[in-house]
Amino acid sequence: KDQFTIVDSREKMLECAKQLKTRRPTEIGFDLESYNVSKFTQLTCLLQITSDYGHDFVIDTLAPGVWDEIGPSLALLFADPKIVKVGHSIGGLDVRSLHRDFGIFVVNAFDTYEAAKVLSLKSHGLASVCQYYGLRESDHYKELKELYQTSDWRRRPLTTPMVEYGRYDVHYLLKLRKLMIRDLTRAELFDRTPTEISEEARLVASSLAATFSQFREDEDDWTFENNQDDDTGNQQATHATSINSNEDFDDGNDYGAHDPSLDTQNKTASAALLRMNPDLMTVLSRSQERTRDLWSGKEEPYRTHPMYVNIRYRAKRSELSWKEEHDKLLHQIIEWRNSLAKDLEVLPGFVAPLEFLIPVALQRPTSELGLRRVGYRLPELLETEKRHVEGLLSVIAQSLTSEDEEFLPSYDDRLSCGRRHNPYSISTIKMTLALGLAVGVVLVTSQWKVRSWLSR
């Protein structure tokens, strides 16, 4: 029976790394669950790993003591070219997040999403691919995916369905890789002989030679049958599967159901032959390209932000006031945010998102109450650390000049700045009170008339 471990402490993280190092897997599957506000504001909340010796790890990256141990514990595992790393759509967030949060580089990958595209499957999502190959409980997996794919993975404690969903995301990746390699190489291994391999395939293999040169050893005569203990079996070009795939998996499923002809044939293939396969080489080439999609640290541009663009458009139509001073202030508070984020070792978006800073630059509040008129609930970091609120207000205050005193924007700011700068004069207040009294008199009179009419 497959086993799994929830890694939610530093001790369990060290034990996980020790087990992976001792068992020396030739393949691992991996996936991440993230809190994903935008491509500039993300946080890895869960890391799932499955191994070819039948053990899954669900690593709670937010558990005490775990985050700081992930990089030192797993960096060498993911960088080992003799271990194939299998993931689904790794170019989306996975590779970038591992690099950004833990300093991990992924070397020698197989992306099942790219394989699904090359195989022209109807749907490329992981749940749909699992269903296509008839993997067990794929319907239940699709249900979990609908519930948890876009959930807030920062929530703790992790529920049983959340852990189950995390396991599903990696549990079948290694089986999928073998089945997909079978289908990708089907034409070469069944329908053609080595002498019939096209010139196009040879050109593809030649162009990929540089990509795989760092992984190659003397493996040209390697076969699936007689070299399974050889270290070279860990290389992408040869570490595939026997075509009689139902011998590999005994999960109660007919994995070859969509093509029964494959079940009756059991062939081996040399590395040289597989390297001539254009479909397989396309998948491997694209997979390696995805591993180069690292986190760049590029700052989020505010001038193209929809909120900023809308404000400038409205200012151009004289619907609101946005001057050069506002742009200068926005630049200053963004610099303040980025500097604080660097000190705290977090992404700038977790200090304060642009959706909060742009209105702040527009209204220029000078007190905490003024900030809450921009957004009643401040960004989480500002809500919990009042000293950072003071830092932001200090930047705003320094940007104000004597000419700006009449522009103090928030109601509470106007009241706190004293009578001398208060635009609401005593006469205005008296007028407001008189109006309120008049409205009250009218309401009382109306009620008296209604009661008199009803009593007749």
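Guide: Start with pairing: two strands count as paired if DSSP finds at least two bridges between them. Helices (H or I, at least four residues) and strands (E, at least two) are DSSP runs, numbered from the N terminus. This is a predicted model, in which local features need pLDDT of at least 70 and side-chain atom pairs count only at pLDDT 80 or more, while totals for chains, interfaces and linings use all residues. Residues are numbered from 1 along each chain as its sequence is written, and side-chain values use heavy atoms, with hydrogens and water left out.

Visitor: Which residue of S5 stands opposite Gly-29?

Guide: In general, strands of a sheet pair through backbone hydrogen bonds, either parallel or antiparallel. Here Val-86 in S5 stands opposite Gly-29. S2 and S5 (residues 84–87) pair in the parallel sense, over 3 bridges. Gly-29 also has a bridge partner in S3, namely Thr-50.

Visitor: In what sense do S2 and S3 pair, and over how many bridges?

Guide: S2 (residues 27–38) and S3 are antiparallel, with 10 bridges, and a hairpin of 2 residues joins them. S3 is also antiparallel to S4 (residues 55–60), over 5 bridges; there Leu-46 stands opposite Asp-60. The S3–S4 hairpin has 3 residues between the strands, and Gly-54 in the turn has a positive phi of about 85 degrees.

Visitor: In what order do the strands form the open sheet?

Guide: The order is S1-S4-S3-S2-S5-S6, 6 strands with mixed pairing. S1 (3–7) and S6 (109–111) are the edge strands, each pairing on one side only. Neighbouring strands are turned by 25 degrees against each other on average, direction ignored.

Visitor: Which helices lie across the strands?

Guide: For angles, axes are lines fitted to C-alpha atoms, for helices over the stretch in contact, and the values run from 0 to 180 degrees between N-to-C directions. Contact means heavy atoms within 4.5 Å. H2 (residues 67–79) lies across S2, S3, S4 and S5, at about 55 degrees to S3. H7 (residues 160–171) lies across S1, S2, S3 and S4, at about 130 degrees to S2.

Visitor: Why is S3 described as largely enclosed?

Guide: Buried means under 20% relative accessible area, exposed over 50%, partly exposed in between (1.4 Å probe, protein chains only). In S3 (residues 41–51), 10 of the 11 residues are buried, so the strand is largely enclosed by the rest of the structure.

Visitor: Is Ser-97 buried or exposed?

Guide: Ser-97 is buried because its relative accessibility is 0%. Ser-97 belongs to H3 (residues 94–102). Not counting residues up to four places away in sequence, Ser-97 touches Leu-32, Ser-34, Gln-42, Thr-44 and Phe-102.
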